Amino acid sequence: MKIISVVGARPQFVKLAAVDRALGPRCDHVIVHTGQHYDPAMSGVFFADLQIPEPRFRLEVGSAGHGAQTGRMLEQLEQTFLEAAPDAVLVYGDTNSTLAGVLAAVKLHIPTIHLEAGLRSFDRAMPEEINRLTADHTADLCLAPTVTAMEHLEREGLGSRSRLVGDVMTDVLFAVRDAVAGTAPSLPSALGDSYVVATLHRPSNTDDGERLNAVLDGLAAVDHPVLLLAHPRLRANAKRFGLDVNRGNLVIADPVSYPELVRLVRDSSGVVTDSGGLQKEAFLLGRKTVTVRRQTEWTETVSLGWNALVGEDPSRIGAALNDLPALPTDETPYGDGSAAHRVADQVLACAGGAR
Ligand code: UD1
């Protein structure tokens, strides 16, 4: 049995690590890397650190506008699927690589599975919301990470082709957390030992100069040193708008590997981000988060008191971080770290059913 996984961007490599470990020994698991992310810090280090096998196909599409980037992937993925003739295609999350993968596969009548299905921000201005809606409504099988995601799928009439499997990012996070226990992150000396970790990359925060300036000001006013792990989009746009990212309490660094991120968050006093995955990783590591967006797909982090949304007013970042109750909880909305084997079972059943 041959299964193709299509990945291209940073968060997909993390999910792939868990899935490959469960699926790899049970089939011919072929990894296709679209090349959406290509900088070593955005791609290569994840394969090395998370022990993901080398992709069998590299499409090297690179950066471009949504239409050009997705179109290039679509064309090349169709050729790749025709050549490799997989029994099923697995797509991950909500990026342009997800969208291209699902479209190319279903049009070739290959059984297609969407992992991390059912997440909704209800904000159609986010490219990710359009990508995940399209993927869910197009795939043959939707694998949901949470009860909330499953409810969204049922409400949209997709219940009969959806399964609740849990969250594979929890699998990876717990494994890496245990592997790095007892090792310290390498902190820039300006940071001191009580610091906040920040990441920003959403178009809604980085593509408009005034907004980006306001968010950087909000971050710089936090009453702890803030380690800002600067995504290439943030750096490129700050330069384009003539904004100096070095201000107030900010300490700027490049993106880090996954194990280093886990160490940094574990030892931090909190997180400020617009990333989806990091909100959840902070929760799982027992760190509070302020999310610089108006909504979140990971609503459980908010309802349990660990996450505050400040999209309306980024000047509230510091106050929101200080005000979070972050009450201890026994709830495990993202599972116990054993989702990947359920994913593998579902994927193989879906692929086998097609024969
Ligand atoms: C993409 C995903 C987003 C995901 C994020 C993780 C879409 C629509 N968005 O956003 O859901 O959370 O990845 O990081 O698919 N760049 C580089 N080097 C790289 C990659 C990107 O310099 O290796 C720069 C380029 O200037 C590029 C920009 O970053 O134009 C944006 O990259 P892109 O992949 O289009 O979107 P992300 O913001 O990374």
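How many helices and strands does the chain have? The model shown here is predicted. The chain has 15 helices and 13 strands.

**View 1. Overall fold of the chain.** The 15 helices and 13 strands belong to one chain of 355 residues. Its radius of gyration is 20 Å, close to the 20 Å from the globule rule for 355 residues, so the chain is as compact as a globular protein of that length. The C-alpha trace spans about 60 × 45 × 40 Å along its principal axes.

View 2. Of the 355 residues in the chain, 58% are buried.

**View 3. Surface and charge.** The chain exposes about 14000 Å². Carbon and sulfur atoms supply 50% of that area. The chain carries 33 positive and 44 negative charges.

View 4. Strand 7 covers residues 162–164 and includes S162. The relative accessible area of S162 is 3%. Buried means under 20%, so S162 counts as buried.

**View 5. Partners of S162.** The side chain of S162 reaches the backbone oxygen of L158 at 2.6 Å. Leaving out residues up to four places away in sequence, S162 touches C142, M150 and L153.

Technical notes
Residues are numbered from 1 along each chain as its sequence is written. This is a predicted model: local features need pLDDT of at least 70, side-chain atom pairs count only at pLDDT 80 or more; totals for chains, interfaces and linings use all residues. Side-chain values use heavy atoms; hydrogens and water are left out. Helices (H or I, at least four residues) and strands (E, at least two) are DSSP runs, numbered from the N terminus. The radius of gyration is taken over C-alpha atoms; the globule rule is 2.2 Å times the number of residues to the power 0.38. Buried means under 20% relative accessible area, exposed over 50%, partly exposed in between (1.4 Å probe, protein chains only). Accessible areas come from the Shrake-Rupley method with a 1.4 Å probe; for residues, only the protein chains shown count as cover. Lys and Arg count as positive and Asp and Glu as negative; His and the chain ends are not counted. The place of a charge is taken as NZ of Lys, CZ of Arg, CG of Asp or CD of Glu. A polar contact is a pair of N or O atoms within 3.5 Å; within protein, one must be able to donate a hydrogen and the other to accept it, and residues adjacent in sequence count only if both atoms are side-chain atoms. Contact means heavy atoms within 4.5 Å.
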